[in-house]
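Hi,

Here is the structure I said I would pass on.

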Amino acid sequence: MTRIFSGIKPTGHLTLGNYLGALRQWVEVDQHRAESLFCVVDLHALTVEHDPARVRRLSRQAATLMLAAGLDPERCAVFVQSHVDEHARLSYLLECVANDGEMRRMIQYKEKSVRERERGGSVRLSLLTYPVLMAADILAYGADEVPVGEDQTQHVELTRDLAVRFNQRYGHTFVVPRATPPKVAARVMDLQEPTSKMGKSHESGAGIVYLLDEPEVVRKKILRAVTDSGREVVYDREGKPGVSNLLEILAACEGRGPEELSGAFDSYGELKKATAEAVVELLRPVRERHRELCAEPGRVDAVLRAGAEKARAMARPTVDAAYRAMGLMMPA
Ligand code: TYM
């Protein structure tokens, strides 16, 4: 059976980008067709300056939202990365397979290290090795597929390289996975800056729709989205990034392709109104279910406990096999 692994990093409140680029596909498709694991990757949140209490709070919130969006613990494992030691164990072994040059070439490292330095901070070593931990997340479970948005595909490519290299050097140990981004909305852009990705840790929240935004806030953000010169509503990502982003969001909400919607609106205003309503309706059940789940925290804890147990049992044999393959003497 196909195995799927994916994760969300608790560095900010989850966004419409996380939902359309990843979470929705996990809920609607992946958990029904494969043995799936979905993880709140909290260790990754420590790679940039962080407030411990906030990371803890956001980890719980991310897990609750994953369940609120419809992940079913009967169908998949939902858990927190730091609850399963195998991630860190394997990450170290993979650091002995990766080299520093390939880490420095990662786009996200380049962008984030510049940002950290601009803020006057230093760059944590773990930011450089971030993709190795991500590779460990995936390879520990023998995942075949990794449903992620477009911004993560380079990291999955690196994971493939490390798996192939390890297998060649030390004998076949890992499945070589592939990224499976969604067909529509694999890269949702910021509403105020439609040439940049809608990211949770962006400075101003004006261009970001958060899953827990009130409907009125969602409407306001979308109605104030930056659009392009001209008046025609056409899908053209290069020439009309703002309009194309809205078309893509609306298309994703309606389960269509954005080209199909080109020409369906007479004005930018009409497109914005339709998009705002579609997003409000899309998020309504998630917000409602989130509120219900917040009232039963014991339920979320129980799901995470069971998820970690299941995940540990799945990862352990592969990680132990990697230890042996690399020449470590396992305890007798
Ligand atoms: P993270 O937490 O930034 O994002 C979680 C998922 O949401 C997708 N995503 C988007 N998709 C479309 N448009 C956007 N604007 C947008 N923003 C985010 C991301 O592509 C991702 O699929 N490194 C990962 C977390 C991670 C992981 C893993 C993922 C750690 N280990 C192993 C998969 C497998 C990250 O920072 O995702």
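The shell around the ligand is made up of eleven nonpolar, ten polar and five charged residues. For those classes, Ala, Val, Leu, Ile, Met, Phe, Trp, Tyr, Cys and Pro count as nonpolar, Asp, Glu, Lys and Arg as charged, and the others, Gly among them, as polar. Before going on: this is a predicted model, where local features need pLDDT of at least 70 and side-chain atom pairs count only at pLDDT 80 or more, while totals for chains, interfaces and linings use all residues. Numbering runs from 1 along each chain as its sequence is written.

Back to the ligand. There are 26 residues around it, and Lys-9, Gly-17, Gly-21, Val-148 and Gly-149 come nearest; a residue gets into this set if its C-beta atom, placed from the backbone, lies within 6 Å of the molecule. Strand 1 (3-8), helix 1 (16-33) and helix 6 (125-139) each put at least two residues into the shell. Helices here are DSSP runs of H or I with at least four residues, strands are runs of E with at least two, and both are numbered from the N terminus. The ligand lies between domain 1 (3-181 + 297-325) and domain 2 (185-295), because both give residues to its shell. The domain bounds come from an automatic or database domain assignment.

Lys-9 deserves a look of its own. You'll find Lys-9 in the loop between strand 1 and helix 1. Lys-9 is buried, with 25 other C-beta atoms within 10 Å. The cut-offs are 20 or more other C-beta atoms within 10 Å for buried, 12 or fewer for exposed, and anything in between for partly exposed, with C-beta atoms placed from the backbone. Leaving out residues up to four places away in sequence, Lys-9 touches Val-41, His-44 and Ala-45, where a contact means C-beta atoms, placed from the backbone, within 7 Å. His-44 is 35 residues from Lys-9 along the chain, and their C-alpha atoms are separated by 6.3 Å.

Now the whole fold. The protein has twelve helices and five strands. Its radius of gyration is 20 Å, close to the 20 Å from the globule rule for 332 residues, so the protein is as compact as a globular protein of that length. That radius is taken over C-alpha atoms, and the rule is 2.2 Å times the number of residues to the power 0.38. The C-alpha trace spans about 70 × 45 × 40 Å along its principal axes. Of the 332 residues, 45% count as buried. Among contacts with a separation of 6 or more, 77% are between residues 24 or more positions apart.

The centres of domain 1 and domain 2, taken over C-alpha atoms, are separated by 27 Å. Each domain brings 21 residues to the contact. On the domain 1 side, helix 1, helix 2 (52-68) and helix 12 (297-325) each supply at least two residues, and helix 1 has the largest share, with five. By class, that side of domain 1 has ten nonpolar, eight polar and three charged residues.

The largest nonpolar core has 99 residues, and Met-66, Val-78 and Val-279 touch the most other members. Such a core is a set of buried Ala, Val, Leu, Ile, Met, Phe, Trp, Tyr and Cys residues joined through C-beta atoms within 7 Å. Not counting residues up to four places away in sequence, Met-66 touches Leu-23, Phe-38, Leu-71 and Val-78.

- Ala-185 has a phi near 65°, a positive value in a residue other than glycine. Ala-185 sits in the loop between strand 5 (178-179) and helix 8 (215-223) and counts as buried, with 26 C-beta neighbours inside 10 Å.
- Tyr-141 lies in the loop between helix 6 and strand 4 (145-146) and is buried, with 26 other C-beta atoms within 10 Å. Among the residues Tyr-141 touches, not counting those up to four places away in sequence, are Arg-3, Phe-5 and Met-314.
- Leu-282 lies in helix 11 (residues 268-294) and is partly exposed, with 19 other C-beta atoms within 10 Å.

Cheers

Technical notes. Contact = placed C-beta atoms within 7 Å.
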